[in-house]
Amino acid sequence: MVLRQWRLSPQLAEYAVLLVSELVGNAVRHTGAQYFGLRMERRRGMIRIGVRDPSRGLPCLMPVAEMDVSGRGLFLVDKLSDRWGVDLLPRGKITWFEMRIADRSDR
């Protein structure tokens, strides 16, 4: 819903949804999180989306082979976003990604 309100291109919105699902999946699968948070921000020329989980364990970008059936989450985040990272919190972390967008004010 938010991505529609932001009027992102269909491809960018599709990538954003995919990357959110990967980060949420990682939060649940690798940290055992029973809860997580989602934060979506739009700034001039970019969006930033982060997933918060209760673990302070850092995600690790692993090499991915063509036939691998798992381990592609951060690989996709790395390839489809313009930038990503992790902010450690006193209790947990936020793994986030940013994507450049074309704003009306940028034209």
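Student: Which helix provides the largest share of the lining of the largest pocket?
Tutor: Helix H2 does, with 7 residues. A pocket here is an open set of points on a 1 Å grid over the protein atoms alone where a 1.4 Å probe fits, with protein on both sides within 12 Å along at least five of seven lines, and lining residues have an atom within 4 Å of a point. Helices (H or I, at least four residues) and strands (E, at least two) are DSSP runs, numbered from the N terminus.

Student: What sort of model is this?
Tutor: It is a predicted model, in which local features need pLDDT of at least 70 and side-chain atom pairs count only at pLDDT 80 or more, whereas totals for chains, interfaces and linings use all residues. Residues are numbered from 1 along each chain as its sequence is written, and side-chain values use heavy atoms, with hydrogens and water left out.

Student: Back to the pocket: which residues lie nearest its centre?
Tutor: Of the 23 lining residues, Asn 26, His 30, Pro 59, Cys 60 and Leu 74 lie nearest the centre. At least two lining residues come from each of helix H2 (10-31), helix H3 (73-80) and strand E4 (92-100).

Student: Is Asn 26 buried or exposed?
Tutor: Asn 26, which belongs to helix H2, is buried because its relative accessibility is 17% (buried is under 20%, exposed over 50%, partly exposed in between, with a 1.4 Å probe and protein chains only). Setting aside neighbours within four places in sequence, Asn 26 contacts Thr 31, Gly 73 and Leu 74 (contact means heavy atoms within 4.5 Å).

Student: New topic: how many strands form the sheet, and in what order?
Tutor: There are 4, in an open antiparallel sheet ordered E1-E2-E4-E3 (two strands pair if DSSP finds at least two bridges between them). Strand E1 (37-43) and strand E3 (83-89) are at the edges with a single partner strand each, so one side of each has no neighbour in the sheet. From one strand to the next, the twist averages 20° (axes are lines fitted to C-alpha atoms, for helices over the stretch in contact, and angles between N-to-C directions run from 0 to 180 degrees).

Student: What does H2 touch on the sheet?
Tutor: Helix H2 packs against E1, strand E2 (46-53) and E4, and its direction makes about 165° with that of E4.

Student: How many bridges join E3 to E4?
Tutor: The antiparallel pair is joined by 7 bridges. Within this pairing, Gly 85 is opposite Trp 96 of E4.

Student: And what does Arg 83 contact?
Tutor: Arg 83 lies in strand E3 and, beyond neighbours within four places in sequence, contacts Arg 48, Trp 96, Phe 97 and Glu 98. Arg 83 counts as partly exposed because its relative accessibility is 45%.
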